[in-house]
Amino acid sequence: MSDQLTDQSGKLKSLHIRPLWGKLLIWFGLVAFLIILGLALLRTQQGGMAIGDVLPNLTLTTFDGQTINNNDLTGKVVVVNFWASWCKPCEQEAAELEEAWRYYQSTEKVVFLGIAYVDTEPEARAYLQKYQISYPNGLDLGTRISDDFRISGVPETYIFDRDHVLQFIQIGPFQSLAQLKAVVDTYLGP
Amino acid sequence: MFRLFRGTAIVVFVLTFTSMRVSAQTPPPTVSDDQINAIAEELYCPVCENVPLDVCGTQACEQWRGLIREKLAQGYTKEEIKQYFVDQYGDRVLAAPPAKGFNILVYIVPPLAILAGIYSFYRILITGKKTVEPQQKIAIPSSDQEEFLSLLEEELKNR
């Protein structure tokens, strides 16, 4: 769009004015870009799960071919352990986790789930065999489960009560079987 | 005795060369490090952010490279192997994310920003030229000029 003005000498002077829709489009684009950028930044800086959060919807396909989802966990204390075969600290607690699972298995009130984070299947299977781990374990396909839990590394363990409310987070390996059992017993109830 | 010796020698000769032939017919599939790195350089392990898989020294990345070797030996193509890693670990393992969803911004925003920059630079150049060369000389009426000069002289005298 252009307009014309007259200067003091009486000559016509051309004045170029940018159209309103063009300005609006530029501003809209800029604002939309900043909003998207802000949301992405917020998501990355959100931090991990907090006590009181609810168990995210998860679907785990185990190495045995079973599919486990939230419906299978109803009314049970849920222990979710993230590990990897390349993770040395994970090895420190592997035996304790298995022992705890065997201890609670007969009660049918506790479920242990092992999630192999960014792991390769042959190595993950070898790890499970090495530590004779028998509770359900599977690969975190597409890192969807670890993304939902917003984990910061491995090993990490999340313990949910029977209403699937997060009650305990262990960053790093459990120090002993007694420590793990003490936490589970707290939320197991009578 | 000689017959026995000759017979044994023939058997040994035949067995040696036939087994060599068999091994020559089915050589074990060999995968070079260059073949592995050609794929690995286009992948990033989520554990070691910003480090391409071909140069990453962690055990996790070593396992991934081992998996690439295994898949290549099984006859997988480069694209099939990349797709396998995407299926297992998500889009973020790719050095160049696929142009879909929010990822599309990666392909749209930088070229747009460059075009906007070029356009702005062009505008500045054009406007700059216009200001250097005044289009019209505005004539100041002589009476105004005289009045201005007398005011200026008076001001200077007072100092």
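**Entry 1: fold of chain B.** I read chain B along its sequence and noted the pattern α-α-α-α-α-α. The model I am working from is a predicted one. The element count for chain B is six helices and zero strands. I then looked up burial: of the 159 residues in chain B, 18% are buried. Chain B exposes about 12,300 Å², with 63% supplied by carbon and sulfur atoms. Among the contacts in chain B with a separation of 6 or more, I find that 45% join residues 24 or more positions apart.

**Entry 2: a surface patch on chain B.** I looked for nonpolar surface and recorded a patch of about 760 Å². Its members are I104(B), V106(B), Y107(B), I108(B), L112(B), I114(B), L115(B) and I118(B). I checked I118(B) individually: this residue lies in helix α5 of chain B, residues 104-132. I118(B) has a relative accessible area of 52%, and because exposed means over 50%, I class it as exposed.

**Entry 3: the interface.** I next examined where chain A meets chain B. The two chains bury about 1,800 Å² between them, and 56% of this is on carbon and sulfur atoms. On the chain A side, W86(A), V118(A) and T120(A) lose the most area to chain B, together 28% of what that side buries. The contact draws 21 residues from chain A and 19 residues from chain B. I count five residue pairs in polar contact across the interface and one salt bridge between the chains. That salt bridge joins the side chains of D147(A) and R92(B), at 3.6 Å from N to O. On the side of chain A that touches chain B, the elements giving two or more residues are α1 (20-44) and α3 (121-130).

**Entry 4: salt bridges within the chains.** In chain A, R125(A) and E121(A) form one at 3.1 Å, N to O. Both residues lie in helix α3, four residues apart, about one turn of the helix. R125(A) is partly exposed at 37% relative accessible area, and E121(A) is partly exposed at 28%.

In chain B, K78(B) pairs with E42(B), the closest N and O atoms being 2.7 Å apart. K78(B) lies in helix α4 (residues 78-89) and E42(B) in the loop between α2 and α3, so the pair ties together parts 36 residues apart in sequence. K82(B) and E79(B) form a salt bridge at 4.0 Å between the closest N and O atoms; both lie in helix α4, three residues apart. K82(B) is buried, with a relative accessible area of 15%. I note finally that E42(B), K78(B), E79(B) and K82(B) are linked in a network of salt bridges.

Key: Residues numbered from 1 in each chain as written. Chains lettered and ligands numbered in written order. Predicted model: local features only at pLDDT ≥ 70, side-chain atom pairs only at ≥ 80, totals over all residues. Heavy atoms only, no water. Patch = residues over 30% accessible without salt bridge, like charges linked within 9 Å, V, L, I, M, F, W, Y side chains within 5 Å. Areas by Shrake-Rupley, 256 points an atom, 1.4 Å probe, with all protein chains shown as cover. Buried < 20%, exposed > 50% of the residue type's maximum accessible area, 1.4 Å probe, protein only. Contact = heavy atoms within 4.5 Å. Buried area = accessible area lost by both parts, 1.4 Å probe. Polar contact = N/O pair within 3.5 Å; in protein donor to acceptor, adjacent residues only side chain to side chain.
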